[in-house]
Amino acid sequence: MSEQTIALVTGANKGIGYEIAAGLGGLGWSVGVGARDQERREAAVEKLRAAGVDAFGVPLDVTDDASVAAAAGLVEERASRLDVLVNNAGVTGGMPQEPSTVDIAVARTAVETNVFGVIRVTNAMLPLLRRSASPRIVNMSSSGGSLTRQTDPDGETGPLSAAYSPSKSMLNALTIQYAKELRGTNILINAACPGYTATDLNGFRGVRTPEQGAAIAIRLATLPDDGPTGGFYEDAGVVPW
Ligand SMILES: NC(=O)c1ccc[n+]([C@@H]2O[C@H](COP(=O)([O-])OP(=O)(O)OC[C@H]3O[C@@H](n4cnc5c(N)ncnc54)[C@H](OP(=O)(O)O)[C@@H]3O)[C@@H](O)[C@H]2O)c1
């Protein structure tokens, strides 16, 4: 088996996911660029390779069982194991999201991608992660999923978000459940908040660069063996649940 660390980043064709792939690739890792659109995936792989990254394309729609199974097959064929999985792919589901008028289809899309997508991908990759000496899983969440921040009367809670924010709260809860099951193994799993980052997700209104947004995921992907698990982190430290 190769000595080179192997990572897979979902939704890596643009935004924060692309910069996570670039950052992990900069460490000399081999990085799977998980992306559902062939053209966008190939363009990202090409750009990463031009920057010196050992990148490979992984066709991957996190909402599709067959696509996720095929992605696991591709990684197994290429490397026989996976060291790091970054569940970054995410959607808002669409706007507006006032609770009293939200379209159920919008909420369903957010949960299908941001929560069920993470379960689907994680469970498909776990057999490969279990073969790694130091497996890490990073779930890209949001402080919008922090119940503490959302109920802080003095906090900046952003727009009403009946689909996206609750989907990230559920992702946080899911991260805790995985950490409980995986305690006693060498797999560390944590949730990350990138901060308000200028990407397609928010019409580029965010104030951080995608590179800044990627930093916390890279930190959690490179945790030492005695690092934390079952936590929620941003650059400044722990995010309250
Ligand atoms: N930007 C922020 O301020 C912010 C704040 C907190 C948390 N986050 C989280 O950070 C993560 C990355 O978001 P971003 O800001 O970089 O947004 P983005 O630029 O819109 O990128 C989202 C990525 O997810 C992919 N994706 C969406 N649905 C997918 C699916 N079904 N299967 C595979 N890939 C899928 C997109 O692929 P396509 O190009 O094919 O659509 C794209 O590559 C998300 O989980 C988001 O919730 C972002």
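I count a polar contact as a pair of N or O atoms within 3.5 Å. With that cut-off in hand, I opened this predicted model and went to the ligand.

**Ligand site.** Lys168 places a polar side-chain atom 3.0 Å from a ligand oxygen atom, so the pair falls within the 3.5 Å cut-off. I found a ligand oxygen 2.7 Å from a polar side-chain atom of Asn13. For Gly90 I noted a backbone atom instead: this polar atom is 3.4 Å from an oxygen of the ligand.

**Cores.** Next I looked up the largest nonpolar core, which has 30 residues; Val9, Ile20 and Leu24 touch the most other members. I saw at least two residues coming from each of β1, α1, β2, α2, β4, β5, β6 and α7. Helix α7 gives the largest share, 6 residues. I then followed Leu24 beyond its neighbours within four places in sequence, and found contacts with Ala7, Val9, Trp29, Val31, Val86, Ile218 and Ala221. A separate second core holds 29 residues, among them Phe56, Val121, Leu171 and Ile189.

**Helix α4.** I traced this helix over residues 104–129, 26 residues in total. From first C-alpha to last, α4 reaches 35 Å, close to the expected 38 Å. Where is the kink in α4 centred? I put the centre on Phe116, with a bend of about 40°. At the N-terminal end I found Asp103 as the cap, with a side-chain oxygen 2.9 Å from the backbone nitrogen of Ala105.

Key: Residues are numbered from 1 along each chain as its sequence is written. This is a predicted model: local features need pLDDT of at least 70, side-chain atom pairs count only at pLDDT 80 or more; totals for chains, interfaces and linings use all residues. Side-chain values use heavy atoms; hydrogens and water are left out. A nonpolar core is a set of buried Ala, Val, Leu, Ile, Met, Phe, Trp, Tyr and Cys residues joined through side-chain atoms within 4.5 Å. Buried means under 20% relative accessible area, exposed over 50%, partly exposed in between (1.4 Å probe, protein chains only). Helices (H or I, at least four residues) and strands (E, at least two) are DSSP runs, numbered from the N terminus. Contact means heavy atoms within 4.5 Å. The expected span of a helix is 1.5 Å times one less than its number of residues. The bend at a residue is the angle between axes fitted to the seven residues ending there and the seven starting there. A polar contact is a pair of N or O atoms within 3.5 Å; within protein, one must be able to donate a hydrogen and the other to accept it, and residues adjacent in sequence count only if both atoms are side-chain atoms.
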